[in-house]
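Please have the sequence and the structure open while I talk.

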Amino acid sequence: MKKKLIFIVSLLFNCYLYSQKVVSLLPSYTEIIFALNAGDKLVGVTNFCNYPPEAQSIEKVGDYINPNIEKIYKLKPEIIFIGGWKNDFIKKIKELNAQIVVLNEEKNIDDIYKTIKTIAKYLNKEEEGVKLVSWMKKEIKNFNKSYKKVYVEIDNGGWSCGSDSFISDVISKSGGINIFNNVKKSYFKSNWEEVVKRDPQVVMLLNTDYDEFLKRPMIKNIRASKENKIFKLNNEERDILSRPSPRIVTIIKRLNEMIK
């Protein structure tokens, strides 16, 4: 009788795990969940969750800054993965009958590994999480350091990244050096004169218009301009570089070619 009871409890538990309803409130979390072979658990994602293609057919619950609580409530998720920034939404979402998993902002590649393992744990995909992290570590090889100075402009107005951004670590793993690596911030609005002063050898533009960038004062003075090393990332490259997900492996390899 005892063995039969244990079997029934185990069966019910496995059925629960299999039928988990999950909402992901960041594109990177969505990518991780699919990479863990748990995409079938997703019932809600953000408007920006466009990878893999299967994510585009999942119910959209708004953007990740201010998601639609009513939509999420109707989906009745068991687990909600959300970023750890401070806003009123976290307080409101706690009113739902769901497990809220608040994940810290990733400041480097190792933090991405931690996020993967945490998500894997809650989805009962720990073995898949270990394999995924192991694969990433193997793929992110130690490229020869060129030590070229790199300026990344994330958005119009000079928005860039400091040492507390995983993008800075991506640049380092790609063989370069972020010119703002001494700024202890994740993202901030840089000063153009300071960019010129730091004289980057490589420039990477995510959202800034390429032609507009070339019109900036003293642009011809920086080495990136002289050496024709100003790159406008395409949509795919921009998405990958801005998301701390397993696809970061791909962009590290691409950036290494640009930095050389």
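Let me begin with pairing: two strands pair if DSSP finds at least two bridges between them, and the strands (E, at least two residues) and helices (H or I, at least four residues) are DSSP runs numbered from the N terminus. This is a predicted model, in which local features need pLDDT of at least 70, side-chain atom pairs count only at pLDDT 80 or more, and totals for chains, interfaces and linings use all residues. Residues are numbered from 1 along each chain as its sequence is written, and side-chain values use heavy atoms, with hydrogens and water left out.

Strand β5, residues 148-153, is joined to β7 by three bridges, and the two run parallel; K149 has I177 of β7 as its bridge partner. Both belong to an open sheet of four strands, ordered β7-β5-β9-β10 with parallel pairing. Because β7 (176-178) and β10 (230-232) each have a single partner strand, one side of each is left without a neighbour in the sheet.

Helix α7 (residues 166-173) lies across β5 and β7, while α12 (residues 248-259) lies across β5, β7, β9 and β10. The axes of α7 and α12, which are lines fitted to C-alpha atoms over the stretch in contact, with angles from 0 to 180 degrees between N-to-C directions, come within 8 Å and cross at roughly 55°. The contact includes F166 and V170 of α7 and I251 and L255 of α12.

Definitions and conventions. Contact means heavy atoms within 4.5 Å.
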